[in-house]
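Colleague: Could you walk me through a few packing details in this one?

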Amino acid sequence: MHCQAPINQARALDALDRRLIDSYQRGLPVCTRPFHTVAERLGASEAEVIARLERLQEMGVLSRVGPVFDHARAGASLLAAVAVPEAERDAFAELINAAPGVNHNYAREDPAREHAYNLWFVMTAPDEAELEARLDALEVRLGVPILRLPMLEGYHIDLSFPIPWAELERA
């Protein structure tokens, strides 16, 4: 889970919300029913855990619930970007989102005006050949060139951290 609780929302979280966030930033069970396993460990029902996770996402406390994996072991991927007219950005984003293997599609502004690339996304595929075929097909569909930025060196960024609940309540 990736948690981004603003200070004012931290006060709205009860003990179970906090235990859920603290316990599963890392180590979400890998099994058929992970939320059932989490629920058993927290003394709650599976439905309650799922409902709380959905609520926490709706509140913007959690941005994502899911696995993080080594993409190099799972196939091929790369960061890509396109430069599209601002007025048509949402339409282009929809086309990108519909392409197979696309995730992390986001708008990015460049206040310094160093480049025109304003839509960025990650595309994955089972292997390099399929990745290139997917990018080529998307490029034709979009009608604009895709900047392809393959990863040269990987870095692990551990985004889990202890949340200072008491400190947030005092703020």
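This is a predicted model: local features need pLDDT of at least 70, side-chain atom pairs count only at pLDDT 80 or more; totals for chains, interfaces and linings use all residues.

Colleague: Okay, at what angle do helix 2 and helix 4 pack?

Modeller: Helix 2, residues 15-23, and helix 4, residues 46-59, pack at about 85 degrees with their axes 11 Å apart, and because angles from 65 to 115 degrees count as roughly perpendicular, that is how the two helices are described relative to each other.

Colleague: And which residues in helix 2 and helix 4 meet?

Modeller: From helix 2 there are Leu16, Asp17, Leu20 and Ile21, and these meet Glu48, Val49, Arg52, Leu53, Arg55 and Leu56 of helix 4; by type, the residues of this contact divide into six nonpolar and four charged, with no polar ones.

Colleague: Switching topic, how many aromatic pairs does a search of the whole structure find?

Modeller: The search finds one, formed by Tyr117 and Trp120 in an edge-to-face arrangement, with 6.4 Å from centre to centre and 70 degrees between the planes.

Colleague: Is Trp120 buried or exposed?

Modeller: Trp120 counts as buried because its relative accessibility is 6%, whereas Tyr117, at 27%, counts as partly exposed. The ring of Trp120 also has the charged end of Arg108 sitting over it, 4.7 Å from the ring centre.

Colleague: Last one, where is Thr37, and what is it in contact with?

Modeller: Thr37 lies in helix 3, residues 34-42, and it counts as buried because its relative accessibility is 18%, which is under the 20% cut-off. Setting aside neighbours within four places in sequence, Thr37 is in contact with Pro29 and Cys31.

Notes. Residues are numbered from 1 along each chain as its sequence is written. Side-chain values use heavy atoms; hydrogens and water are left out. Axes are lines fitted to C-alpha atoms, for helices over the stretch in contact, and angles run from 0 to 180 degrees between N-to-C directions. Helices (H or I, at least four residues) and strands (E, at least two) are DSSP runs, numbered from the N terminus. Angles under 35 degrees count as roughly parallel, over 145 as roughly antiparallel, 65 to 115 as roughly perpendicular and the rest as oblique. Contact means heavy atoms within 4.5 Å. Ala, Val, Leu, Ile, Met, Phe, Trp, Tyr, Cys and Pro count as nonpolar, Asp, Glu, Lys and Arg as charged, and the others, Gly among them, as polar. Rings of Phe, Tyr and Trp (its six-membered ring) pair if their centres lie within 6.5 Å; planes under 30 degrees apart count as stacked, over 60 as edge-to-face and the rest as tilted. Buried means under 20% relative accessible area, exposed over 50%, partly exposed in between (1.4 Å probe, protein chains only). A charge sits over a ring if NZ of Lys or CZ of Arg is within 6 Å of the ring centre and within 35 degrees of the ring normal.
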